[in-house]
Amino acid sequence: MLRKLSCSVLAFAAFAGTAQAQTEIQWWHAMGGELGAKLEEIVAGYNASQSDYKVVPTYKGTYAETMTAAIAAFRAGEQPDVVQVFEVGTGTMMAAQGAVYPVYKLMEDMGADFDPKGFLPAVVGYYTDTEGNMLSMPFNSSTPILYYNKDVFAKAGLDPEKAPATWAELEADAKQIMASGAAKCGFTTGWISWVQLENLSAWHNQPIGTEENGFGGLDAELTVNGPVQVKHWENLARWQKEGIFQYGGPGGGADAAPKFYAQECAIYMNSSASRAGVIANAKDFTVGYGMLPYYDDVEGAPQNSIIGGATLWVLQGKENDHYKAVADFFHYLSSPEVQADWHQFSGYLPITQAAYDLSKEQGYYDANPGAETGLKQITLNAPTANSKGLRFGNYVQIRDVIDEEFQRLLSGEVDAKTALDSVVTRGNALIRDFEAANK
Amino acid sequence: MQHKRTTFRHRGLPYLLLAPQLAVTGVFFLWPAGQAVWQSFLREDAFGLKTSFVGLANYTKLLHDPQYLGSLHVTVIFSLATAALSIVSALVLALAADRVLRGPRVYTALLVWPYAVAPAIAGVLWWFLFNPTIGILSYALRALGHDWNHLLDKTDAMVLVILAAAWKQVSYNFLFFLAGLQAIPASLREAAAIDGAGPVKRFFTIVAPLLSPTTFFLLVVNVVYTMFDTFAVIDATTEGGPAQATNILVYKVYRDGFIGLDLGGSAAQSVVLMGIVIVLTVVQFRFIERKVTY
């Protein structure tokens, strides 16, 4: 009897629960560690701010794992409402027209308060179609900057307040640092593909591919084997032989940061969002910040750098009230207060002008040297067709190809021209595959 | 050959008894394998929105893909080297453990230990030891004049994954060899010793031939191991790099399918792999079962 009663009580409770339930939306993300905790804090703040909707964040592993999981879930009809996808997955997401709900359209359909003009063009430009419509909601965007060890610079007799602005200066500084014994190596870098090829191209206003770096259509082709890129890779190979440059590994370059933290390399290039990590790890020395170096004999350099990071994509196949919830949540997420807080905590770029202004007002940049470097760099000039970003199909694999060819270059198997020609040939084959599959 | 025969009273009973096993095989092997075969004839975008039948295009592309042929080449080198290294070192260790008089169980237990280590952990362990920046072994190698860098040097990377994979497998081989050695009658060895055969001669004329079924069995098992179970070792150490120098077939299936989202191509690769397993299994049953006398 008792059991029966408790059963019916449970059933009733469950029923009552569904009847009154808020609309629950699932958000799959790839933010681990402290960033993940901060993300949950933001979501908790949203959930507490109103009672109609509830966002449930789920950590799904790395970027690649999160994207794969969402795609597999979509195929099984179990997709989340919102998924965080890294910038190189943009081409894949965009092409999946029946699977994604473009953000501009979502906001329009749901009648949400949404002003696309309030967003920083350098950030959202990467994620808009050729008509200027925003396809996904930028969440965590960053851009590579230069970090350097001020103590080593001083020890080598260099001005510790002056970061090398050009590659020629960087080479001279590195030589002086090594000759004076202040450090063993000049510089190292994370993300060869992102920093030393894609951003290098944008920074020098060189095309990464045809069709406006792939924005114009699936039939684009890579053009990264131009003279500036070849010259830079030649230099990198030479610098590696001379010990000026040390390779930190493929992908993000896991070994690059330790080389900088251990004061083995005096200069380090990586995401502006690495700033917090760099400060936390640079216990025995002072960190300086600078923009990426450029070749001063290239006309139009420096142009502006491009971003990396991830955006939030909305997936199709849900009830209308879910999309209402998503629109409301995105509105909250892009509010100046939330954005400024996330930006200041993480080092990611603010996505709106209002959040940028608010951070300025709060005196954040005066108190935190280097925090504005990335922002200044992406907004240095109005983005050109070569510097607003890139969008190619199968780009996750193309990134691997870039790493592989770079490794072949450093091991002396091929020269810079051959390596980059091969990136173009192999990359184009992958883009053609993608084109064929998405026709 | 002797046949054992059990007679069931009902015709249906044996099938009923087999049903659970058949269901498991069907659900967890035949169904997914069938899907892989079907998928290998398709070209599909990542979300499965546009699918087209392309016949054997995925296969012809594979055979003309220098990366795939390179991966095949890498797999052969990796498999044979790992199998050889783990078999030879296990044999040496088993011979040594077989002669230990004091506390043989302790040695045996210690030697079997690595087998209990998860492949991913083993990979991370070797990755740490040989890490060009922070690894102690790479530091030692540098002191000896070899600039170890498996991030760039293809040979270094190959050596690293072979060491890590072989180390994991030594324990398994060791157990089989030890059992094999202990099954060799002492009288045979003693008789040979009395006839004046030295330890080396005794090993090559008596021990090695009597161990040959074990060795052959281990060779097949090890090759299968290196081809399929070393995924975690590769993933934790080199991720197939540098420049695909350690991108073995099974790792390539994962990279192309799960990271690259090229499902058709990846499925075609798994079908090829499935073919290789079938061949290896046939070899094992045909030759080993026939030759081994228990």
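Okay, housekeeping. Residues count from 1 along each chain as its sequence is written, with chains lettered from A and ligands numbered from 1 in the order in which they are written. Since the model is predicted, local features need pLDDT of at least 70 and side-chain atom pairs count only at pLDDT 80 or more, while totals for chains, interfaces and linings use all residues.

Let's start with chain B. There you'll find twelve helices and two strands; helices are DSSP runs of H or I with at least four residues, strands are runs of E with at least two, and both are numbered from the N terminus. In order from the N terminus, that's α-β-β-α-α-α-α-α-α-α-α-α-α-α. The C-alpha trace spans about 75 × 75 × 30 Å along its principal axes. Of the 294 residues in chain B, 34% are buried. By buried I mean 20 or more other C-beta atoms within 10 Å of the residue's own, with exposed being 12 or fewer and partly exposed in between; the C-beta atoms are placed from the backbone.

For the bookkeeping, Ala, Val, Leu, Ile, Met, Phe, Trp, Tyr, Cys and Pro are nonpolar, Asp, Glu, Lys and Arg are charged, and the others, Gly among them, are polar.

Setting aside neighbours within four places in sequence, B:I259 contacts A:A64 and A:V396. B:I259 is partly exposed, because 19 other C-beta atoms sit within 10 Å.

Over to chain A, and a helix pair. The axes of α9 (192-203) and α19 (395-410) come within 10 Å and cross at roughly 85°; axes are lines fitted to C-alpha atoms, for helices over the stretch in contact, and angles run from 0 to 180 degrees between N-to-C directions. That's why α9(A) and α19(A) are called roughly perpendicular, the class for 65 to 115 degrees, with under 35 roughly parallel, over 145 roughly antiparallel and the rest oblique. Who meets whom? A:I192, A:S193 and A:L197 in α9(A) meet A:R399, A:I402, A:D403 and A:F406 in α19(A). Those contact residues split into four nonpolar, one polar and two charged.

α19(A) itself is mostly covered, with 16 of its 16 residues buried. After α19(A) comes A:G412, with a positive phi near 85°.

Next, α16 (353-361) of chain A, whose buried residues are A:A355, A:Y356, A:L358 and A:S359. Down the axis of α16(A), these fall within an arc of 165°, so they line one face of the helix; the arc is taken from the directions from the helix axis to the C-beta atoms. Their cover includes α15 (336-346), α17 (364-367) and α18 (373-378) of chain A.

A:W191 isn't a glycine but has a positive phi of about 45°, and sits in the loop between β7 (185-189) and α9 of chain A. The peptide bond from A:A301 to A:P302 is cis, with omega near -5°.

Conventions. Contact = placed C-beta atoms within 7 Å.
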